[in-house]
Amino acid sequence: MEPLITIFVDFNNLDQDGRVRLITAGALHDIKTKNIKLFEGLELLLDDNQEFKGPGVVEFSKSENIWVARFDWKNMEQS
């Protein structure tokens with residue numbers, strides 16, 4: 001099993017469903033430089049480079065028209 005691609009996220013930037021938005025400068029930078037093609041169900045390692053990291057699954061938010069990632073705080077590790 002290949003390791004998950006790590007992407008920077010801001011866990012303070014959540015949508016109404018508790019999913020982290022993948023629209024911050026850091027997330028967009030990682031998506032571009034790591035040549036990540038986002039699609040529903042893609043598993044990523046979400047990392048805020050400060051406190052938390054853990055697995056997430058990419059989803060598309062139809063209400064906001066943006067990519068987000070669903071995660072569970074119980075699966076997060078402290079960095």
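Is Asp15 buried or exposed, and what is its relative accessible area?

Solution. Asp15 has a relative accessible area of 7%, so it is buried, a word that stands for under 20% relative accessible area, with exposed meaning over 50% and partly exposed the range in between (1.4 Å probe, protein chains only). The model is predicted, so that local features need pLDDT of at least 70 and side-chain atom pairs count only at pLDDT 80 or more, while totals for chains, interfaces and linings use all residues. Residues are numbered from 1 along each chain as its sequence is written, and side-chain values use heavy atoms, with hydrogens and water left out.

**Exercise 1.** Find which residues form a salt bridge with Arg19.

Solution. Begin with the definition: a side-chain nitrogen of Lys or Arg lies within 4 Å of a carboxyl oxygen of Asp or Glu. Asp15 meets Arg19 in such a bridge at 2.8 Å, N to O. Next, Glu59 also bridges to Arg19, with the closest N and O atoms 2.9 Å apart. Glu59 belongs to strand β4 (residues 52–61) and Arg19 to the loop between β1 and β2, 40 residues apart; strands are DSSP runs (E, at least two residues), numbered from the N terminus.

**Exercise 2.** Classify the ring pair of Phe71 and Trp73.

Solution. Rings of Phe, Tyr and Trp (its six-membered ring) pair if their centres lie within 6.5 Å, and planes under 30 degrees apart count as stacked, over 60 as edge-to-face and the rest as tilted. Trp73 is partly exposed at 43% relative accessibility. Phe71 and Trp73 are 5.0 Å apart, centre to centre, with 85° between the planes, and the pair is edge-to-face.

Methods
Helices (H or I, at least four residues) and strands (E, at least two) are DSSP runs, numbered from the N terminus.
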